[in-house]
Amino acid sequence: LYEFIGHQNVVQEVIERDGEQVTVYNSDMTHITARINSRDDMIVALIRLRYTQDAEFALINKGIADSTNTEYVAYRDYVATCKTQANTYYEEA
(Lines give C-alpha, C1' and ligand atoms only; values in the text may rest on other atoms or scores of the structure.)
Protein backbone atom coordinates (compact mmCIF):
# COMPACT_ATOMS: atom_id res chain seq x y z
CA LEU A 1 0.00 0.00 0.00
CA TYR A 2 1.51 3.31 -1.11
CA GLU A 3 0.57 6.86 -0.26
CA PHE A 4 1.14 9.54 -2.90
CA ILE A 5 0.99 13.29 -2.47
CA GLY A 6 1.31 15.62 -5.44
CA HIS A 7 1.40 19.40 -5.62
CA GLN A 8 0.37 21.43 -8.67
CA ASN A 9 0.28 25.18 -9.20
CA VAL A 10 2.75 25.92 -6.41
CA VAL A 11 2.79 29.63 -5.57
CA GLN A 12 5.33 31.30 -3.30
CA GLU A 13 4.15 34.19 -1.14
CA VAL A 14 5.77 36.39 1.47
CA ILE A 15 3.46 37.11 4.40
CA GLU A 16 3.81 38.69 7.79
CA ARG A 17 3.55 36.31 10.73
CA ASP A 18 4.24 37.36 14.32
CA GLY A 19 5.80 40.59 13.07
CA GLU A 20 8.22 38.83 10.70
CA GLN A 21 8.24 38.37 6.94
CA VAL A 22 8.06 34.65 6.13
CA THR A 23 7.85 32.75 2.88
CA VAL A 24 4.92 30.33 2.50
CA TYR A 25 3.85 28.10 -0.35
CA ASN A 26 0.32 27.36 -1.54
CA SER A 27 -0.62 24.62 -3.98
CA ASP A 28 -3.35 22.38 -5.28
CA MET A 29 -2.65 19.15 -3.42
CA THR A 30 -3.69 15.66 -4.48
CA HIS A 31 -3.48 12.81 -1.98
CA ILE A 32 -4.11 9.20 -2.94
CA THR A 33 -3.41 5.75 -1.55
CA ALA A 34 -3.05 2.81 -3.89
CA ARG A 35 -2.22 -0.87 -3.69
CA ILE A 36 0.76 -1.36 -5.99
CA ASN A 37 1.59 -4.85 -7.20
CA SER A 38 3.24 -4.10 -10.53
CA ARG A 39 4.97 -1.45 -12.60
CA ASP A 40 1.69 -0.76 -14.40
CA ASP A 41 -0.08 -0.16 -11.07
CA MET A 42 2.65 2.32 -10.13
CA ILE A 43 2.34 4.16 -13.46
CA VAL A 44 -1.44 4.49 -13.08
CA ALA A 45 -1.12 5.77 -9.50
CA LEU A 46 1.43 8.40 -10.55
CA ILE A 47 -0.79 9.50 -13.45
CA ARG A 48 -3.74 9.85 -11.04
CA LEU A 49 -1.76 12.41 -9.06
CA ARG A 50 -2.31 14.81 -11.95
CA TYR A 51 -5.18 13.46 -14.06
CA THR A 52 -8.49 11.84 -13.20
CA GLN A 53 -9.55 8.97 -15.42
CA ASP A 54 -12.12 11.21 -17.12
CA ALA A 55 -9.52 13.93 -17.74
CA GLU A 56 -7.14 11.33 -19.14
CA PHE A 57 -9.78 10.03 -21.59
CA ALA A 58 -10.54 13.60 -22.67
CA LEU A 59 -6.86 14.27 -23.36
CA ILE A 60 -6.48 11.03 -25.30
CA ASN A 61 -9.45 12.06 -27.45
CA LYS A 62 -7.80 15.44 -28.07
CA GLY A 63 -4.66 13.57 -29.12
CA ILE A 64 -6.62 11.37 -31.53
CA ALA A 65 -8.05 14.50 -33.14
CA ASP A 66 -4.74 16.41 -33.11
CA SER A 67 -1.52 14.75 -31.96
CA THR A 68 0.14 18.16 -31.66
CA ASN A 69 -2.45 19.53 -29.20
CA THR A 70 -0.52 21.29 -26.42
CA GLU A 71 -2.50 19.70 -23.57
CA TYR A 72 -2.17 16.24 -25.12
CA VAL A 73 1.58 16.64 -25.61
CA ALA A 74 1.95 17.76 -21.96
CA TYR A 75 -0.06 14.71 -20.87
CA ARG A 76 2.15 12.34 -22.93
CA ASP A 77 5.28 13.97 -21.47
CA TYR A 78 3.90 13.43 -17.96
CA VAL A 79 3.09 9.77 -18.72
CA ALA A 80 6.68 9.29 -19.91
CA THR A 81 7.91 10.80 -16.64
CA CYS A 82 5.63 8.44 -14.67
CA LYS A 83 7.05 5.44 -16.55
CA THR A 84 10.59 6.55 -15.80
CA GLN A 85 9.75 7.05 -12.12
CA ALA A 86 8.10 3.61 -11.94
CA ASN A 87 11.37 2.10 -13.14
CA THR A 88 12.85 3.17 -9.79
CA TYR A 89 10.76 0.42 -8.18
CA TYR A 90 10.17 -2.04 -11.02
CA GLU A 91 12.21 -3.22 -13.98
CA GLU A 92 11.21 -1.67 -17.28
CA ALA A 93 8.68 -3.79 -19.16
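**Buried and exposed residues along the helices**

Begin by selecting E56, which counts as buried at 11% relative accessibility (buried means under 20% relative accessible area, exposed over 50%, and partly exposed in between, with a 1.4 Å probe and protein chains only). The model is a predicted one, in which local features need pLDDT of at least 70 and side-chain atom pairs count only at pLDDT 80 or more, while totals for chains, interfaces and linings use all residues. Residues are numbered from 1 along each chain as its sequence is written, and side-chain values use heavy atoms, with hydrogens and water left out.

E56 belongs to helix α2, residues 53–65 (helices, H or I, of at least four residues, and strands, E, of at least two, are DSSP runs numbered from the N terminus). Now display its surroundings. Neighbours within four places in sequence aside, E56 is in contact with I47, R48, Y51 and Y75 (contact means heavy atoms within 4.5 Å).

R48 and E56 are joined by a salt bridge, at 2.7 Å from N to O (a salt bridge is a side-chain nitrogen of Lys or Arg within 4 Å of a carboxyl oxygen of Asp or Glu). R48 is partly exposed, with a relative accessible area of 25%.

How many salt bridges are there by this rule? The count is two. For the other pair, select K62 and E71, whose closest N and O atoms are 2.2 Å apart. Both residues are partly exposed: E71 has a relative accessible area of 43%, and K62 has 35%.

Then select I64, which also lies in helix α2. I64 is exposed, with a relative accessible area of 66%.

Finally, select helix α3, residues 70–86. Which residues of α3 are buried? They are Y72, Y75, Y78, V79, C82 and A86. These residues lie on the same side of α3, because they cover an arc of only 120 degrees around the axis (the arc is that of the directions from the helix axis to the C-beta atoms). Turn the view to the face of α3 directed away from its buried side, where the exposed residues T70 and T84 are carried.

Terms used: The expected span of a helix is 1.5 Å times one less than its number of residues.
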